[in-house]
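Me: Hi! I have a new model open and would like to talk it through with you. Shall we start with the overall picture?

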Amino acid sequence: MTTELEKFLESIQEVDSFEEFQGASIVLRDLLGVKHVIYHWVSSTGEQFGVGTYSSEWVDRYLEREYLRIDPVIFGCFQRFTPVNWKQLDWSSRAARAFFIDALAYGVGNQGFTVPVRGPNGQFALFTLNEDTSDANWESFIKRSERDLVILAHEFNKKALAFENDAVGVYAQPLSPREVTAMTYLANGLSRAQAAQKMEISEHTLRVYIEAARHKLGALNTTHAVARALSSGAIVI
């Protein structure tokens with residue numbers, strides 16, 4: 001392991017906010033020289049969230065299309081306890097191939113490597129690296145880096161578990177009326193476009209309200225923010 005990665009391992013456990021946790025994924029992406037780094041978890045209560053460098057447009061599309069139901073990475077890793085090169089997974093179905101083509105169009109690389117991590121009380125997480133490169137180059141990178149990646153995956157999970165244990169104290173700032181309205185529309189199943197239309201604002205302005213609410217709620221993404229807003233009583237549907 002390089003000195004830079006050793007320093008990163010020390011620094012990630014000092015992260016004390018979800019925003020800093022998100023920033024850590026960007027730092028690690030740059031240290032490793034890959035296109036994307038993603039940490040996605042399902043908590044012991046079934047709540048899903050994550051940090052990473054995928055575009056917000058792809059995250060939103062993934063959720064809106066309910067790709068969780070067909071994603072070969074999710075299904076393949078749930079059945080494994082060891083790291084997985086995406087080339088080892090089953091992409092043969094028409095739905096899986098369409099999903100992959102859509103992912104590429106939204107900036108996801110053609111190569112992936114995922115480390116499944118299991119925690120207490122049924123917690124399940126995935127730590128993923130993603131890149132655009134040839135099979136030979138990717139296999140060479142994984143061969144050199146696999147041990148380090150497994151260590152990094154467990155350090156990310158360790159920090160996420162600490163956040164779950166500290167979740168009671170994250171609701172420090174009240175949401176503004178417009179933030180409440182935006183989050184309520186999303187909680188009721190409206191898309192961003194529909195919510196923006198209802199509020200008579202642009203989608204860009206809506207995104208500002210959502211991001212502000214997400215930071216106040218200490219959430220890792222929009223889905224997590226909606227769940228926290230509901231569970232904390234910040235919004236009611």
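Reply: Happy to! One term before we start: two residues are in contact when they have heavy atoms within 4.5 Å. This is a predicted model, and among contacts in the protein chain between residues at least 6 apart in sequence, 64% join residues at least 24 apart.

Me: Good. How many helices and strands are there in the protein chain?

Reply: The protein chain has 10 helices and 5 strands. Its radius of gyration is 18 Å, close to the 18 Å from the globule rule for 237 residues, so the chain is as compact as a globular protein of that length.

Me: What box do the C-alpha atoms fill?

Reply: Along the principal axes, the box is roughly 50 × 40 × 30 Å. As for burial, 46% of the 237 residues count as buried. The accessible surface comes to about 12,100 Å², and 52% of that belongs to carbon and sulfur atoms.

Me: Let's go inside. Which residues touch the most other members of the largest nonpolar core?

Reply: Those are F21, L28, F127, L129 and F156, out of 32 residues in that core. Two or more residues come from each of α1 (3-12), α2 (18-32), β1 (36-42), β2 (48-52), β4 (111-118), β5 (124-131) and α6 (135-165).

Me: And which element gives the most?

Reply: That's α6, with 10 residues. In general, nonpolar side chains in soluble globular proteins tend to be buried together.

Me: What does F156 touch, then, leaving out residues up to four places away in sequence?

Reply: F156 touches F8, I12, F21, A24, S25, L28, Y39, V51 and F127. F21, L28 and F127 are also on the list of residues that touch the most other core members.

Me: Switching to β4: is T114 buried or exposed?

Reply: T114, which lies in strand β4, is buried: its relative accessible area is 0%, and the cut-off for buried is under 20%.

Me: Which side chain does T114 have a polar contact with?

Reply: The partner is W86, whose side chain is joined to that of T114 by a polar contact of 2.9 Å. Beyond its neighbours within four places in sequence, T114 is in contact with V73, C77, P83, V84, W86, L126, F127 and T128.

Me: Nice. Now the helices: which residues of α7 are buried?

Reply: In α7 (residues 177-187), the buried ones are E179, A182, M183, T184, L186 and A187. Their cover includes α8, α9 and α10 (222-232). After the helix comes G189, with a positive phi near 95°.

Me: Great, thanks for the tour!

Conventions: Residues are numbered from 1 along each chain as its sequence is written. This is a predicted model: local features need pLDDT of at least 70, side-chain atom pairs count only at pLDDT 80 or more; totals for chains, interfaces and linings use all residues. Side-chain values use heavy atoms; hydrogens and water are left out. A nonpolar core is a set of buried Ala, Val, Leu, Ile, Met, Phe, Trp, Tyr and Cys residues joined through side-chain atoms within 4.5 Å. Buried means under 20% relative accessible area, exposed over 50%, partly exposed in between (1.4 Å probe, protein chains only). Helices (H or I, at least four residues) and strands (E, at least two) are DSSP runs, numbered from the N terminus. A polar contact is a pair of N or O atoms within 3.5 Å; within protein, one must be able to donate a hydrogen and the other to accept it, and residues adjacent in sequence count only if both atoms are side-chain atoms. The radius of gyration is taken over C-alpha atoms; the globule rule is 2.2 Å times the number of residues to the power 0.38. Accessible areas come from the Shrake-Rupley method with a 1.4 Å probe; for residues, only the protein chains shown count as cover.
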